[in-house]
Amino acid sequence: MVIGTMRHRTGVARSAAILLLLAGATFLVTSCLSNSMAVESAALVNNERGSAGLGLLAQDQTLNAKAEAWAAQMAAAGRASHSDLSQDSGSNWTRIAENVGRAGSVSEMHRLFMNSAEHRTAILNSGFTRFGTGVAVANGQYFVVQVFVK
């Protein structure tokens with residue numbers, strides 16, 4: 001009975017450890033972006049890149065934080081404007097670009113980005129390898145920020 005209990009406890013402990021590892025992996029995947037709108041923006045970018053035969057961009061937590069903070073600042077100001085690109089972008093990059101804008105939804109902003117030569121170029125630039133996205137909402141307007149780096 002003691003051996004069976006030990007096996008049972010060991011099995012329970014092992015199962016608990018596996019569940020914690022799986023929960024941690026899920027957290028790591030979803031914790032890169034703090035809101036579903038930023039996730040949507042990131043997915044739209046990578047869908048475009050995939051459709052164009054380009055490699056998908058990796059999410060970068062530092063860039064996500066920068067993009068989210070700048071989106072919130074734009075929303076508070078009620079206008080879209082570019083940030084100081086080097087500020088809060090970390091130092092592990094050699095090239096950087098930023099898309100900013102406001103629209104009635106994330107998907108509308110994405111369409112506007114894709115219809116603009118400069119914004120489209122940033123999204124489809126094969127040299128970029130990582131990016132961050134941020135979205136904030138104020139007065140029914142979605143303020144979207146995308147930061148791309150190599």
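Author: Two strands pair if DSSP finds at least two bridges between them. Strands (E, at least two residues) and helices (H or I, at least four) are DSSP runs, numbered from the N terminus. This is a predicted model, where local features need pLDDT of at least 70, side-chain atom pairs count only at pLDDT 80 or more, and totals for chains, interfaces and linings use all residues. Residues are numbered from 1 along each chain as its sequence is written, and side-chain values use heavy atoms, with hydrogens and water left out.

Reader: What makes the 4 strands a sheet, and in which order do they stand?

Author: They pair in the order β1-β3-β4-β2. The sheet is open and its pairing is mixed. β1 (58–59) and β2 (96–103) each have a single partner strand, so one side of each lacks a neighbour in the sheet. That is why they are the edges.

Reader: How do you know that β3 and β4 pair?

Author: Pairing takes at least two bridges. Strands β3 (residues 130–138) and β4 (residues 141–149) are joined by 9 and run antiparallel. Phenylalanine 131, for one, has phenylalanine 148 in β4 as its bridge partner.

Reader: What makes α2 lie across the sheet, and at what angle to β3 does it run?

Author: Contact means heavy atoms within 4.5 Å. Axes are lines fitted to C-alpha atoms, for helices over the stretch in contact, and angles run from 0 to 180 degrees between N-to-C directions. Helix α2 (residues 36–51) lies across β1, β3 and β4, at about 135° to β3. Helix α4 (residues 106–114) lies across β2, β3 and β4, at about 125° to β2.

Reader: Which residues of α4 are called buried, and why are they said to share a side?

Author: Buried means under 20% relative accessible area, exposed over 50%, partly exposed in between (1.4 Å probe, protein chains only). In α4, Val106, Met109, His110, Phe113 and Met114 are buried. The arc is taken from the directions from the helix axis to the C-beta atoms. Theirs is only 135°, so they sit on the same side of α4. They pack against α2, β2, α5 (117–123), β3 and β4.

Reader: What makes a group of residues a nonpolar core?

Author: Its members are buried Ala, Val, Leu, Ile, Met, Phe, Trp, Tyr and Cys residues, joined through side-chain atoms within 4.5 Å. The largest has 16 residues; Val45, Leu57, Ile123, Phe131 and Phe148 touch the most other members. α4 gives the most, with 4 residues. A second, separate core of 14 residues includes Phe143, Val145, Val147 and Val149.
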